[in-house]
Amino acid sequence: MMIDTHTHFGRHGEWDCPLSALIGLMDAHHIDKAVTGWLGSNELGASGFEDALKMIRDYGNRLRLMLWINPAVPGDADRTERMLHRYGDRIACMKVHPQTAQVPLGDASYEPYLQLCGAYGLTLAVHTEPGRFSSVERLAAMAVRHPEVNFIAVHMELRSDHSHAMSFIAEQPNLFGDTTFVPASDVRIAIDRCGAEKIVFGSDAPIMSERYGATIEKLQSMLSPQERQQVFQSNAIRLFQLGSNV
Ligand SMILES: [Zn+2]
């Protein structure tokens, strides 16, 4: 069983990610399941969730949706709660991109969402990169304040050598790292520093699709069989509500 915990479909700016491209990549590279987010949700927040759910309905349990939130959209936290109430069993995690939402991590507007993550046992996956919106330092501070919620630092800080992110992930029990756009050699270092139980496989597929197969192969070649099982399967099952219907 191989699981990709960070994929997309739809359009946003220069990114065009047809659902067929995502499924084609999964088929070609033996990915059994993926957690995915509709790029339209970037602006819409939770109000895009029901449309996104319809778009993936033909794929059954092969695709699980992120509930992509946007605290800058008025009423988004209330809509998020309604979506959780109605579709809880279809939601793999909550996700936010603080940079595109223009809401820095640590802002008070995240609090209602964190309460909901705690109540529904959902992980919050967060785009991270250095700077005032999405740094892992800010995310780690949220993780300290909310020990009942698991947090994933997607990219372990994009556009960095990832060592800063690793130091927080190693330290904070409910903070995890994902491999999206992280070179395999840095994933190896992250596992040595943080433990294989703290790192999950993610890719942003089908963005950079031409490198998907090579990225998976290189990463697998650098992991022991047990680490592979953790990074590509068991950590994802644990962190993304994939325990049933897997
Ligand atoms: Zn992404």
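Predicted model: local features only at pLDDT ≥ 70, side-chain atom pairs only at ≥ 80, totals over all residues.

Visitor: Which residues of helix α7 (residues 136–145) are buried?

Guide: Residues are numbered from 1 along each chain as its sequence is written. A residue is buried if 20 or more other C-beta atoms, placed from the backbone, lie within 10 Å of its own, exposed if 12 or fewer, and partly exposed in between. Helices (H or I, at least four residues) and strands (E, at least two) are DSSP runs, numbered from the N terminus. An α-helix has 3.6 residues a turn, so residues three or four places apart point the same way. In α7, the buried residues are Val136, Arg138, Leu139, Ala140, Met142 and Ala143.

Visitor: What covers the buried residues of α7?

Guide: The cover includes the strands β6 (124–127), β7 (151–154) and β8 (175–178), together with helix α8 (163–171).

Visitor: In what order do the strands of the sheet stand?

Guide: Strands of a sheet pair through backbone hydrogen bonds, either parallel or antiparallel. Two strands are taken as paired if DSSP finds at least two bridges between them. Here nine strands make an open sheet of mixed pairing, ordered β2-β1-β3-β4-β5-β6-β7-β8-β9. Because β2 (15–17) and β9 stand at the edges with a single partner strand each, one side of each has no neighbour in the sheet. Strand β1 (residues 3–12) pairs with β2 in the antiparallel sense over three bridges, and Arg11 stands opposite Asp16 in β2.

Visitor: Which residues have the most contacts inside the largest nonpolar core?

Guide: In soluble globular proteins, nonpolar side chains tend to be buried together. A nonpolar core is a set of buried Ala, Val, Leu, Ile, Met, Phe, Trp, Tyr and Cys residues joined through C-beta atoms within 7 Å. The largest such core has 77 residues, and those with the most contacts inside it are Leu67, Val126, Leu139, Phe151 and Ala153. Two residues are in contact if their C-beta atoms, placed from the backbone, lie within 7 Å. Neighbours within four places in sequence aside, the contacts of Val126 include Val96, Pro98, Leu139, Phe151 and Ala153.

Visitor: Where is the cis peptide bond?

Guide: The cis bond joins Ala205 and Pro206, with omega about 5°. Pro206 belongs to the loop between β9 (199–200) and α10 (212–221). Asp204 lies in the loop between β9 and α10 as well, and its phi is near 70°, a positive value in a residue other than glycine.

Visitor: Is Asp204 buried or exposed?

Guide: Asp204 is buried, with 21 other C-beta atoms within 10 Å. Gln102, in the loop between α5 (98–101) and α6 (111–120), also has a positive phi, near 60°. Gln102 is exposed, with 12 other C-beta atoms within 10 Å.

Visitor: How is the protein chain summarised as a whole?

Guide: The chain has eleven helices and nine strands. Its radius of gyration, taken over C-alpha atoms, is 16 Å, close to the 18 Å of the globule rule for 246 residues, so the chain is as compact as a globular protein of that length; the rule is 2.2 Å times the number of residues to the power 0.38. Of the 246 residues, 50% count as buried. Among contacts between residues at least 6 apart in sequence, 74% join residues at least 24 apart.
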